[in-house]
Amino acid sequence: MQNGTVTVWIKKFMSNRLLQEKRIVIDVFNPGKATVTKTEILEKLAKMYTTTPDIIFVCGFRNHFGGGKKTGFDMIYDSLDCTNKNELKHRLSRPGLCEKKRPWESRERNPGTERRSGGLQVPMLVLAKSELEMGQRKE
């Protein structure tokens, strides 16, 4: 291996025909290079398995002490339909294959509530009543 080159080695390989996917544990060697991005790894794997990078998902990479080596997990699906059916939604949202749901955007705000510090919502009537009580105690 030369300095600056990236090498992908397959450690373990498992084919799951029920989910129509291939699961692979890979080692990425990068001597003399700071780190390897996931897009570079996707391109290398797409060349190795003659497929497109949009049906390959890599995750769980860990750098080894001393640098120069990463170990991670990879899933290659047979088609985009199988990907959408079987892959986790948060992994689909990163490359833009699925829309990310944000619960705070879809939730409607109740006009009778006010946000206080700590993130709790307290109705306005309770606030007004407690402020009145506090004002009476001060006198």
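So, is methionine 48 buried, partly exposed or exposed? With a relative accessibility of 41%, methionine 48 goes down as partly exposed. Keep in mind that what we have here is a predicted model.

Where is that methionine? Methionine 48 belongs to helix 1, which covers residues 38-49.

Okay, on to the aromatics. Searching the whole structure turns up two aromatic pairs. One of them is tryptophan 9 with phenylalanine 29: the ring centres are 4.6 Å apart and the planes sit at 65°, so we call that pair edge-to-face. Tryptophan 9 is in strand 1 (residues 7-16) and phenylalanine 29 is in strand 2 (residues 21-29), so this pair ties together parts 20 residues apart in sequence. As for cover, tryptophan 9 is partly exposed at 48% relative accessible area, while phenylalanine 29 is at 13% and counts as buried.

Then there's phenylalanine 57 with tyrosine 77, an edge-to-face pair with 6.2 Å centre to centre and 80° between the planes. Phenylalanine 57 comes from strand 3 (residues 56-63) and tyrosine 77 from strand 4 (residues 69-77), so here too the pair ties together parts that are 20 residues apart in sequence. Both phenylalanine 57 and tyrosine 77 are buried.

One last contact for you. What sits over the ring of phenylalanine 61? That would be the charged end of lysine 70, 5.3 Å from the ring centre.

Okay, that's my tour.

Methods. Residues are numbered from 1 along each chain as its sequence is written. This is a predicted model: local features need pLDDT of at least 70, side-chain atom pairs count only at pLDDT 80 or more; totals for chains, interfaces and linings use all residues. Side-chain values use heavy atoms; hydrogens and water are left out. Helices (H or I, at least four residues) and strands (E, at least two) are DSSP runs, numbered from the N terminus. Buried means under 20% relative accessible area, exposed over 50%, partly exposed in between (1.4 Å probe, protein chains only). Rings of Phe, Tyr and Trp (its six-membered ring) pair if their centres lie within 6.5 Å; planes under 30 degrees apart count as stacked, over 60 as edge-to-face and the rest as tilted. A charge sits over a ring if NZ of Lys or CZ of Arg is within 6 Å of the ring centre and within 35 degrees of the ring normal.
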